[in-house]
Amino acid sequence: MERSRLSLFIFCMTFLCFFLPTQGRWHHHLKHHSHHHKISEISAPPLAAPEPSSPPDDGNADDSTGVFDVRKFGAVGDSVTHDTEAFKMAWDTACQANSSVIHVPGGFSFMIQSTIFTGPCQGGIVFQVDGTLMPPDGPDVWPKNNSKRQWLVFYRINEMSFQGGGVIDGRGQKWWDLPCKPHKGINRTTLHGPCDSPIAIRFFMSSNLTVKGLKVKDSPQFHFRFDGCQNVHIESLHITAPVLSPNTDGIHIENTNGVEIYNSVISNGDDCISIGSGCYDVDIRNLTCGPGSHGISIGSLGNHNSRACVHNITVRDSVIRAADNGVRIKTWQGGSGAVSGVTFSNIHMEGVRNPIIIDQFYCLTKNCMNQTSAVYVWDILYEGIKGTYDIRSPPMHFACSDSVPCTNITLSEIELFPAQGDIVSDPFCWNVYGELETLTIPPVSCLLEGCSSNHLG
């Protein structure tokens, strides 16, 4: 079975990388035009997670009800005692039952070390968090034999709901203060030394997942990461971290498809949502991003001359405020593959430095060499992008590869005004082909007409 799944995954990704760039333009072009001028209103995302649904029983429930209270397995919940073994015992017991609930009761703070919860399980599991989960407080007290790259991992799980009105507290401050972090060295430089920091919650090679209602804060690194997953529904999350907390992406997905991210609030020190290679069929709706984030990003892609494919991504009906970037596609020089079939629709910007940006020269240092190959960016629609931008940067920035230009870039109903002053900055364009379906503010005159002869990355 696993061999056949692997073969299917390889076939799908091969199809994405090699066939969609030649087949997808006509299909996505029809999708674009069928929705023009039907922009929906942005509804207000929840300011806090909703009240959790009650588990089937109270804290005195036992396995006869299908509810497994972690306290019955020895968890203390005093924020000092290590409750790792109790949680693992509760998981192993629930995993052997049908339609089970692991209950983390409210009013308690449970400290758990780096742990992997492994499936497959007998049936679906609800992991109901109404209390607080937290890791050891910083790298100095992190057990030496535990991975410093991850905290809570769910591996090979099919059909799980991770939900509740509780709090996931990553206790990230001491990790952010490591000298190797970019904002802590002399003159804000990065110093050499151990720099591994744990991802708070990671789902790996899992499917049919729901994450709902939780408050998640102060992760040492990414708050959520989904690797090699299918059918992921995320709703009503409230993710927070300080503006200067490094690499604290809210939700990162990689090699994952069938993703829905709805009705959530993310304010952090990096991308609200980052979409890595191998992702397709992603729908993001009614998200409030910022203040202080790097926006919603596809990429970075193509690092170390790698091949990357991303297809069929939709971001709609959302607000991005006081962020470094709005909607961004970023790729490294030297990569290959394609980003295609992307729609950014009905997005309100509030004081965003780079509301619309494609950067095919992404680089973390100043000495990256220009290369001839690049991840091909094509069939991208921006419609109903409105609001204000920070005047330090142009409101639209299309920096495309010298040898692999961006093509079929479509702009419709773009209205971006400076947050301060009256002078509207000109957009920046480099080697980008596309069309205007309506007049834009500011006017865009730098798009090249037609299609480039070079269509392959």
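Of the 457 residues in this chain, 55% are buried, where buried means under 20% relative accessible area, exposed means over 50%, and partly exposed lies in between (1.4 Å probe, protein chains only). This is a predicted model, in which local features need pLDDT of at least 70 and side-chain atom pairs count only at pLDDT 80 or more, while totals for chains, interfaces and linings use all residues. Residues are numbered from 1 along each chain as its sequence is written, and side-chain values use heavy atoms, with hydrogens and water left out.

**The chain as a whole**

- The secondary structure comes to 4 helices and 31 strands; helices (H or I, at least four residues) and strands (E, at least two) are DSSP runs, numbered from the N terminus.
- Among contacts with a separation of 6 or more, 76% join residues 24 or more positions apart; a contact means heavy atoms within 4.5 Å.

**Aromatic pairs**

- Rings of Phe, Tyr and Trp (its six-membered ring) pair if their centres lie within 6.5 Å; planes under 30 degrees apart count as stacked, over 60 as edge-to-face and the rest as tilted.
- By this rule there are 21 aromatic pairs.
- Phe154 and Phe162 make a tilted pair, because their ring centres are 5.5 Å apart and their planes meet at 55 degrees; both residues are buried.
- Phe203 and Phe226 form a stacked pair, with 5.2 Å from centre to centre and 5 degrees between the planes.
- That pair links distant parts of the chain, 23 residues apart: Phe203 is in strand E11 (residues 199-204) and Phe226 in strand E14 (residues 224-227).
- Phe203 has a relative accessible area of 1%, so it is buried; Phe226 is buried too, at 0%.
- Ring pairs join Trp91, Phe117, Phe127, Phe154, Phe162, Phe203, Phe224 and Phe226 into a cluster.

**Charges over rings**

- A charge sits over a ring if NZ of Lys or CZ of Arg is within 6 Å of the ring centre and within 35 degrees of the ring normal.
- Arg202 lies over the face of Phe204, 4.5 Å from the ring centre.
- Arg285 has its charged end over the ring of Tyr262, 4.1 Å from the centre.

**A look at Trp142**

- Trp142 lies in the loop between strand E7 (132-134) and strand E8 (150-155).
- With a relative accessible area of 3%, Trp142 is buried.
- Leaving out residues up to four places away in sequence, Trp142 touches residues including Ser114, Pro135, Trp151 and Trp175.
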